[in-house]
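We will go from stop to stop, picking a few residues at a time.

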Amino acid sequence: MTIHTERMKHKKSILSLLVLLLLVVTACSSIECPVQNKVASCYEINGGVFADTLTVSTLRQDGKDTVLLSYGVGLASFQLPLSFNQPVDVLLFRREHLNVTDTVWVEKDDQPHFESVDCGVTYFHTLKSVRYTKLGIDSIAILKTTVDYDLTASHLRIYFKADS
């Protein structure tokens, strides 16, 4: 009887160890990526709804452009992605009714943000400065320097010149 009891205790010990190991492994591998993992700069238009038609493009490193916002009409705000491989993003703001294009330079620092191997790396940004031409833009103010997952915050406020 004692041999049988010893075998049962040994089997229970092994089973308990396997269950514990299974719990540890599954606890360490659970994916905890944020539901909202989009990072974008949020532009607020001063004065409410913008009457002109706006197209925003960016200049890529190969010299070509990419449209980020196509023919936005009646905008009060909009979101634009930021690059993570260059210190300054160059944006072209095209006002269709005035037939002018302004260049905007957004200087920033990029910080890799790592949460888990399963989630991959995203980049948060710290806005440092903004410069712009003044054909159709009056001014741009930085409201919040940290660009992260919070898409409810306005990062930049853009003041457009009145239609002439």
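Select lysine 108 to begin: this residue is buried, because its relative accessible area is 1% (buried means under 20% relative accessible area, exposed over 50%, partly exposed in between, with a 1.4 Å probe and protein chains only). This is a predicted model, in which local features need pLDDT of at least 70 and side-chain atom pairs count only at pLDDT 80 or more, while totals for chains, interfaces and linings use all residues. Residues are numbered from 1 along each chain as its sequence is written, and side-chain values use heavy atoms, with hydrogens and water left out.

**Around lysine 108**

Lysine 108 forms a salt bridge with aspartate 110, and their closest N and O atoms are 3.0 Å apart (a salt bridge is a side-chain nitrogen of Lys or Arg within 4 Å of a carboxyl oxygen of Asp or Glu). Aspartate 110 has 24% relative accessibility and therefore counts as partly exposed.

What do the side chains of aspartate 89 and lysine 108 form where they meet? They form a salt bridge, at 3.8 Å from N to O. Aspartate 89 lies in strand β5 and lysine 108 in strand β6, so this pair ties together parts that are 19 residues apart in sequence. (Helices, H or I with at least four residues, and strands, E with at least two, are DSSP runs numbered from the N terminus.) With all three residues selected, you have Asp89, Lys108 and Asp110 linked in a network of salt bridges.

**Staying with aspartate 89**

Keep aspartate 89 selected and colour its strand, β5, which covers residues 88-95. Is aspartate 89 buried or exposed? It counts as buried, because its relative accessibility is 4%. Show serine 83 as well: a polar contact of 2.4 Å joins its side chain to that of aspartate 89. (A polar contact is a pair of N or O atoms within 3.5 Å; within protein, one must be able to donate a hydrogen and the other to accept it, and residues adjacent in sequence count only if both atoms are side-chain atoms.)

Leaving out residues up to four places away in sequence, aspartate 89 touches Leu82, Ser83, Val104, Trp105, Val106 and Lys108 (contact means heavy atoms within 4.5 Å).

Arginine 131 lies over the face of tryptophan 105, at 4.6 Å from the ring centre (a charge sits over a ring if NZ of Lys or CZ of Arg is within 6 Å of the ring centre and within 35 degrees of the ring normal).

Zoom in on leucine 54. Its contacts, not counting residues up to four places away in sequence, include Leu69, Tyr71, Leu75, Phe78, Phe93 and Phe160.

**Two ring pairs**

(Rings of Phe, Tyr and Trp, its six-membered ring, pair if their centres lie within 6.5 Å; planes under 30 degrees apart count as stacked, over 60 as edge-to-face and the rest as tilted.) Phenylalanine 50 sits in the loop between β1 and β2 and phenylalanine 160 in strand β10, 110 residues apart. Phenylalanine 50 is buried at a relative accessible area of 6%, and phenylalanine 160 is buried at 14%.

Move to phenylalanine 124 and tyrosine 149, whose ring centres are 5.0 Å apart with planes at 90 degrees, so the pair is edge-to-face. Phenylalanine 124 lies in strand β7 and tyrosine 149 in the loop between β9 (146-147) and β10, so the pair ties together parts 25 residues apart in sequence.

**Zooming out**

Finally, show the whole chain as a cartoon. You will find one helix and ten strands. Buried residues make up 32% of the 164 residues.
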